[in-house]
Every structure is written in C-alpha cells, then in structure tokens.
Amino acid sequence: MSLDTGPRQHRAPVAVGESSPLRVVQIAILFSLLAALGELLILGYRGVIQRRLVGTGIHALWMTPLAELLVIGGSALLAIALTRWGPRPSAVRVVTLVAAFLSYLSLLLMFSALQRMAMALLAAGLAVQTSRLVVKHWRGFETLLRRAF
C-alpha cells in the first residue's frame, strides 16, 4: 500500500537577491541578540544551577547584548561594504555567514575545554550550514525577521 497521493509539485527556489540594507541590519541584530541570549543563559546556568562563581554582576544583562551588537553589527556593516565592491555575492549571504560565525564563536569561547582552533573550525562549519539554511528557506526567515522587528 503506497502513501503516494499523486505527482509532486516542486516549488521553484526563492532567490535571495539583493535585499534592502535595513533587512541586512536586521539579520545582524537578530544574530547578536541570539548570541547574547545564549551567553546569558550559559552564565545563568553556571551561576544558579552549578553554583559556580561566574564573576559578572547585574550589568552583564545590558553589557552582553550591547557588546554582541557592537561586534557582530560592526562586522556585518563591514561585510555590507565589502559586498558593494568586487564580485557581487548577495549581502544577505555574506552577512548571515559573518554574523552566524561570530555568534557561534562567542558561545563556543565560553567553554575552555575546546582548543581555540577547534572552536573556530566548528563555528565556521555551523555558520556555513546556517547560511545555507537561511538562503534555502529565505521566505520563512524573512517572515521571522518581519515578526521579530
């Protein structure tokens, strides 16, 4: 007994193309906030659940998102500027790759058990896969951005 209900209809892939600068900045902000949330959750877990001395005060609640936004947002703006000259890859792809790499790296750097090169390679691999996922499912990701902002 087959569950096939008939011929499959394939949807054409959606081209990411050149997106507005606002959309690209929103991507950087989203990855910055996700990285900051991850760092704060790790710090909270270490401080509350593991009862370890974390070494950060209450100011980490506003300093962590601000620092992530400055690092990831600044590098995203640099990536936008670089995509304006030279070969024209999509700014969305480049910014997603850079922002995801820095987000993953900032989370991985919180663990001292891994070597730095392993952290960088793991963050690069995760960033490539995240960038591919975003480009493949661009409509859904764009909907997420619209709802988030």
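Predicted model: local features only at pLDDT ≥ 70, side-chain atom pairs only at ≥ 80, totals over all residues.

Reader: Why is Ser75 called buried?

Author: Buried means under 20% relative accessible area, exposed over 50%, and partly exposed in between, with a 1.4 Å probe and protein chains only. Ser75 has 18% relative accessibility and therefore counts as buried. Its place is in helix α2; helices are DSSP runs of H or I with at least four residues, numbered from the N terminus.

Reader: Which backbone oxygen does the side chain of Ser75 reach at 3.1 Å?

Author: That oxygen belongs to Val71. A polar atom of the Ser75 side chain also lies 2.9 Å from the backbone oxygen of Ile72. A polar contact is a pair of N or O atoms within 3.5 Å; within protein, one must be able to donate a hydrogen and the other to accept it, and residues adjacent in sequence count only if both atoms are side-chain atoms.

Reader: What makes Gly73 buried?

Author: The relative accessible area of Gly73 is 14%, so this residue is buried. Gly73 also lies in helix α2. Not counting residues up to four places away in sequence, Gly73 touches Ala28, Ser32 and Glu68, where contact means heavy atoms within 4.5 Å.

Reader: Why is α1 called roughly parallel to α3?

Author: The axes of the two helices, α1 and α3, come within 9 Å and cross at roughly 10 degrees. That makes α1 roughly parallel to α3, as angles under 35 degrees count as roughly parallel, over 145 as roughly antiparallel, 65 to 115 as roughly perpendicular and the rest as oblique. Axes are lines fitted to C-alpha atoms, for helices over the stretch in contact, and angles run from 0 to 180 degrees between N-to-C directions.

Reader: Which residues have the most contacts inside the largest nonpolar core?

Author: They are Val24, Ile27, Phe31, Val95, Trp138 and Phe141, in a core of 20 residues. The largest share of this core, six residues, comes from α1. A nonpolar core is a set of buried Ala, Val, Leu, Ile, Met, Phe, Trp, Tyr and Cys residues joined through side-chain atoms within 4.5 Å.

Methods
Residues numbered from 1 in each chain as written. Heavy atoms only, no water.
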